[in-house]
Amino acid sequence: MVLRSLSANSPGRRANWKALGLSQKDMEKPKIAVVNSSSELAICYAHLDGIAKLVKEEIRAAGGVPFEVRTAAPSDFITGAAKSGSYILAGRDIIANDIEVQVEAALLDGMICLTSCDKTPPGHLMAAARLNIPTILVIGGYQAAGQIDGQWVDVEDVWSGAVGERFGGKPKFPVDQMAENAITGPGVCAGMATANTMHCVVEALGMALPGHAPVRGNSPKMQANARAAARRIVDMVGEDLRPRQILTEGAFRNAVATVLAVSGSINAIKHLQAVAVEAETDIDIYALWEEMSDVPVLSAVRPTGDVRIEQFEDAGGAQAILKRLEDRIDTDVLTCNGKTLAENLADYVIPGPEVIHAVDDPVGEGPAIAILRGNFAETAVVRLGIRDGSRPEEFSGPARVFEDSGECMDAIAAGVVQEGDVVIARNQGLKGGPAMGGGASAILFALDAAGLAKTTAFVTDGQLSGLCLKGLTVAEVSPEAATDGAIGKVRDGDIVRISVANRSIDLDVAADELAARQGPGLRMPATGYLSNFRAAARPLSTGGVLLPEKG
């Protein structure tokens, strides 16, 4: 084993590390970055400092030398407060860059990433793919929900209730009371929102040890998982097992199948595409999505159904999903424990068959998420969940166009939006938001509270929270309004046609007339880092990465 950290073993470097307490013998050991994407701002991360301590202890015991490094730690409910949430997605790429400028700059030998809220898993995976040094991710776990009068309440109830009150909705308890009780422990949002979706993705890709996702935040199981991962990363450095050996097309196909099977968050699409780009592959996640569109829904965790995330974990979680899909996915892929997925699944028995269904007895037919194309969009994404007829899948109606979410919310409150309308919220894309800020999710909850979710369609170039699953909602329309996409040229009254069966979204406007129309350009101001993001962000076909195109 040749450690790259020794290639920069200068006297000045040794002097600095000796002052930190390292011995001469330590200088010759694997140097492991403990990437603690943590912050005291949010409950998502409140436990990770303690987990980092356990990980460092275990790395030392296994013969490595740990160095804890910090990164940005975005959290939707906290750092989404400014600029209409633009800093949230932008934080994903800050994380990847934070890791590069510390771990790569110091020529450390491997890294273990404590991964938690929505943007930390893709940020960690992007950095792993970019640096291509031995890497393992520790699943940071989900928060415990609370109860009122014996009924469960969680952060989804708080958020939807708060929006709904303005629009005539009736939350199951007073919002202030729910806010006092909804979160009773550290970790990410309960339910199959973006964070838990991405935690399952990490395991499906093979970048976390089997059986680790999802997990109760700071539980004894999570702590044991973290210790196991810490021991494993030292071995991975010795084996020189690198992310690009794991992040193959088969691994991405398995991740896509997993998201579809759990009816996960649409945000997984752009995050997986960004990881594929960072790994310098030509993998097209959108094409894989269409290829795997027959994968049925095998478990209905909130918001898809009534299954709680705790039940999903106890029923086997991501590992049980992969076992169910064993005949449909690529089990020859290598995983971070050095074994193939087939070896990992060989003796595994699913503990909860009533929660995670068999492929021939699914909760619902696939796909839970579909890609739409047409003259309105090169790609757009619709989350369908359980396709039981409760939400429309075919819709045709006049566009009612709004340049920002505030304007749209006011129109809903004033009764301007009517049944049969196709509500268009634009200027919320990668460039326009920027970074997909704009608050499109609140519009969806407003439509639902106003009783319009099932009688209107909602279309946006913005992104949606993983908690969103209401009505016929088409998001992440690309090209976006700010880059001269059709969504920027649609006018009030234009007829928009959406067909899930045909995987299409079209605008009834002649091609020459559409080409002659002017889009809104960049309406939203951007300063500081957000201006840098706007300038560098590439289209959704790349996952919105900030890397320059190869010449």
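Helices (H or I, at least four residues) and strands (E, at least two) are DSSP runs, numbered from the N terminus. The model is predicted: local features need pLDDT of at least 70, side-chain atom pairs count only at pLDDT 80 or more, and totals for chains, interfaces and linings use all residues. Residues are numbered from 1 along each chain as its sequence is written, and side-chain values use heavy atoms, with hydrogens and water left out.

Rolling a probe the size of a water molecule over the atoms shows where empty space is left. The search runs on a 1 Å grid over the protein atoms alone. A cavity is a set of points where a 1.4 Å probe fits but cannot get out. A pocket is an open set with protein on both sides within 12 Å along at least five of seven lines. Lining residues have an atom within 4 Å of a point. Points are joined across faces, edges and corners, and a volume is the space filled by probe spheres set on them.

| Space | Volume |
|---|---|
| Largest pocket | about 660 Å³ |
| Second largest pocket | about 340 Å³ |
| Largest cavity | about 80 Å³ |
| Second largest cavity | about 60 Å³ |

**Pockets**

The largest pocket has 37 lining residues. Nearest its centre lie Asp76, Phe77, Gly80, Ile88 and Trp159. Two or more lining residues come from each of α3 (76-79), α6 (155-166) and α18 (440-449). Ala, Val, Leu, Ile, Met, Phe, Trp, Tyr, Cys and Pro count as nonpolar, Asp, Glu, Lys and Arg as charged, and the others, Gly among them, as polar. On that basis the lining has 19 nonpolar, 15 polar and three charged residues.

The second largest pocket is lined by 17 residues. Val277, Glu280, Thr281, Arg538 and Lys550 lie nearest its centre. Helix α12 (residues 267-278) gives the most to this lining, with three residues.

**Cavities**

Five cavities reach 30 Å³ or more. Residues lining the largest cavity include Glu203, Pro210, Gln319, Val333 and Asn344. At least two lining residues come from each of α8 (194-205), α15 (317-324) and α16 (341-345). The largest share, three residues, belongs to α16. This lining holds seven nonpolar, four polar and one charged residue.

Around the second largest cavity sit, among others, Arg383, Arg387, Asp388, Arg391, Glu393 and Leu472. Its lining has five charged, four nonpolar and three polar residues.
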